[in-house]
Amino acid sequence: MFALGLSTTIFALVGPIDRWADTHLAVHMLQHVLIGDAAVAVLVLAVRGPLLVFLLPAPVLVRVAKARGFFSFLLRPRVAFALWAANLGIWHVPYLYDLALRQEWVHYSEHACWVVAGLLVWTLLIDPGGHRRVTVGGRIALAAAMFACGQVLTDVLVFSFHPLYPAYPRLTDQKIAGVVMMAEQLVTLGTLAFVLLRPRMRATRLVAA
């Protein structure tokens, strides 16, 4: 599973998707949701339990341990969600979106932000270390908040009457980009919600029976 997440990330960054993203907004959106959401979710899911400790080299683990307070702050639900939502909004400002296409270092920074923001929220949603920072209800609420933010962006892209990004002048392409965002969130966040709620739904059926 870890190989799947890593392969998806590499494919999105160096495969044909990266080339097509320069001329197609829908493909650029697909690239973002892959590296910042879908692939990250699979990677976090793959390192549950003991593998989480052995994944990083010892020197890195020592540094992480020393910065435990900082990482604990970033993994507070409100902080992680605020960073994720800010990343989503900031990098879809038309000026910055187009600047990332012109300046390579900005593009790399954009991708790094997507991965980091995704790691924060999906660490809370999946809880690979079993720390239980957030209750099941809290995880559902976080997923719902992420979906709501994504739908705001989706509505802007789909229901605009003119292209918002100079580098992507085709209105149809923009609308498809919004649909891509919505579809990816429905799959990833919807799957998460189903898995989290399934035990409760099963218990409810048993009680009813």
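Me: Which residues is Met 146 in contact with, leaving aside its neighbours within four places in sequence?

Reply: Met 146 is in contact with Asp 37, Phe 81, Trp 84, Val 121, Trp 122, Leu 125, Gln 185 and Leu 189. Contact means heavy atoms within 4.5 Å. A word on the source: this is a predicted model, where local features need pLDDT of at least 70 and side-chain atom pairs count only at pLDDT 80 or more, while totals for chains, interfaces and linings use all residues. Residues are numbered from 1 along each chain as its sequence is written, and side-chain values use heavy atoms, with hydrogens and water left out.

Me: Why does Gln 185 count as buried?

Reply: Buried means under 20% relative accessible area, exposed over 50%, and partly exposed in between (1.4 Å probe, protein chains only). Gln 185 has 0% relative accessibility, so the residue counts as buried. Gln 185 lies in helix H11; helices here are DSSP runs of H or I with at least four residues, strands are runs of E with at least two, and both are numbered from the N terminus. Not counting residues up to four places away in sequence, Gln 185 touches Asp 37, Trp 84, Met 146, Phe 147, Gly 150, Gln 151 and Gly 190.

Me: What makes a set of residues a nonpolar core, and which residues have the most contacts inside the largest one?

Reply: A nonpolar core is a set of buried Ala, Val, Leu, Ile, Met, Phe, Trp, Tyr and Cys residues joined through side-chain atoms within 4.5 Å. The largest one has 46 residues, and Met 29, Trp 122, Leu 125 and Met 146 have the most contacts inside it. Among the elements giving two or more residues are helix H3 (25–46), helix H9 (104–126) and helix H10 (136–159). H3 supplies the largest share, 11 residues.

Me: What makes H3 oblique to H9?

Reply: The two helices pack at an angle of about 40 degrees, with their axes 8 Å apart. Angles under 35 degrees count as roughly parallel, over 145 as roughly antiparallel, 65 to 115 as roughly perpendicular, and the rest as oblique. The angle therefore makes H3 oblique to H9. Residues making the contact include His 28, Ile 35 and Val 44 of H3 and Trp 114, Gly 118 and Trp 122 of H9.

Me: How many helices and strands does the chain have?

Reply: The secondary structure comes to 11 helices and zero strands. Of the 209 residues of the chain, 38% count as buried.

Notes: Axes fitted to C-alpha atoms, helices over the stretch in contact; angles between N-to-C directions.
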